[in-house]
Amino acid sequence: MRIQLVGLGNVGRGLLELMEDEKELISSRGLDVKVVSVSDSEGTAIDEGGLSPLDVLKHKKLGWKTFNKFVEGFSALDAIKEIKSDVVVELTPSTPSGEPGLSHIRTALMARKNVVTSNKSPLVVAYGELVKTARNKHVHLLYEATVAAHVPVFCLTCSCFKVDELLKVEGILNATTNFIIGEMEKGRSFQDALKEAIRAGWAETDYRDDIDGLDAARKVVILANSLFDQDARLEDVRVKGIVDIEPMIREAQKSNRRIKLISEISRNRNKLNMIVEPRQISIDDPLATVNQGNMGVKFTFKTSREIFVSAEFNGCRQTAYAVLNDIAKIQSLS
Ligand SMILES: NC(=O)c1ccc[n+]([C@@H]2O[C@H](COP(=O)([O-])OP(=O)(O)OC[C@H]3O[C@@H](n4cnc5c(N)ncnc54)[C@H](OP(=O)(O)O)[C@@H]3O)[C@@H](O)[C@H]2O)c1
């Protein structure tokens, strides 16, 4: 499969590193991928015979000037329109307007290219439209990495609970805030813990999206649209962040309870309630076991009842893994 990579930040570089480090395992599992173009905000590196991940990573670090395969000013949009490929992997920042990712994904789908993305905002802004375009063009749009990185959310629900009714989702969906709260419980300051999360590359491009609860709210909208078949919007989510959380943490500690930034989606008759807020939870709640920058989701189904899944998260390599797994899924579906 010919892949076009758009965005070479933490996740994009993580994906190339993973493809390089695990190339034998990847090929032993039958995944045959060739990266034909890589775009960042400056331009695009192109080789229809396949770019070497190591070469791309080296030149991204040292500067593109000395890389003869790099065309300055040849944008991702130009690349999607003009270079032949099977899959566009969209990894640009999540923004309020959905751009530039929205145009990248729209253009790719219209050109009958499959899309894999970790970028939430195009799905928040135009989920219904993008899914419909993918269906009409007979291509796949996969986005496992958009919600809680490599925690299996969409893979799990669509393969194991096809004929069950989902009633409620509660989750810790944001690694940065979970890490900060955990460190504050140990006595560390908010600012200090935030700086470490930024250094580790977990934080959003604009870290205020994490601490104000916006990143978690975007994930709630994607879950509502994808799992509850809604036309949910960001403004329908009640959101509270963690900026003033210190007194709440100290209060909870007095009764041996934990504070977590909980994202919740539940059905109330025909209406969906969508909330992101810091909550006191009992230490018996499985979500209380989700520590550090880890993430977890508790699903309640009508028949299967409570299913809890969590995963250790220690960096964007695991987000990159979720992207790679979606690429592999496309190969097996095609
Ligand atoms: N970090 C994680 O673990 C994680 C987890 C789940 C989801 N996500 C989502 O994944 C996406 C990528 O995250 P990240 O941490 O890798 O972001 P990042 O480090 O900020 O990287 C963004 C990349 O997009 C490129 N870019 C920006 N505008 C562009 C344009 N118009 N055309 C082409 N490239 C453009 C940037 O180019 P330059 O390099 O030239 O600036 C940069 O390489 C985000 O939407 C984020 O919300 C991230």
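**Figure 1. Salt bridges across the predicted model.** In this predicted model, the count of salt bridges comes to 26. Side chains of opposite charge can pair when their charged atoms come close. The next views pick out a few of these pairs.

**Figure 2. Asp40 and Lys60 form a salt bridge.** Here the side chains of Asp40 and Lys60 meet, with 2.8 Å from N to O. The pair links distant parts of the chain, 20 residues apart: Asp40 sits in the loop between β2 (34-39) and β3 (43-46), while Lys60 belongs to helix α3 (residues 53-62). Asp40 counts as buried because its relative accessibility is 12%, whereas Lys60, at 27%, is partly exposed.

**Figure 3. Asp206 pairs with Arg208 in a salt bridge.** Look for the closest N and O atoms of this pair, which are 2.9 Å apart. Asp206 is partly exposed at 30% relative accessible area, and Arg208 is partly exposed at 47%.

Figure 4. Arg250 is partly exposed, at 28%, as is Glu246, at 33%.

**Figure 5. Ser94 is a buried loop residue.** You can find Ser94 in the loop between β5 (87-90) and α5 (101-110), with a relative accessibility of 11%. Its side chain makes a polar contact of 3.1 Å with the side chain of Asn119. A polar atom of the Ser94 side chain also lies 3.3 Å from the backbone nitrogen of Lys120.

Technical notes
Residues are numbered from 1 along each chain as its sequence is written. This is a predicted model: local features need pLDDT of at least 70, side-chain atom pairs count only at pLDDT 80 or more; totals for chains, interfaces and linings use all residues. Side-chain values use heavy atoms; hydrogens and water are left out. Helices (H or I, at least four residues) and strands (E, at least two) are DSSP runs, numbered from the N terminus. Buried means under 20% relative accessible area, exposed over 50%, partly exposed in between (1.4 Å probe, protein chains only). A polar contact is a pair of N or O atoms within 3.5 Å; within protein, one must be able to donate a hydrogen and the other to accept it, and residues adjacent in sequence count only if both atoms are side-chain atoms. A salt bridge is a side-chain nitrogen of Lys or Arg within 4 Å of a carboxyl oxygen of Asp or Glu.
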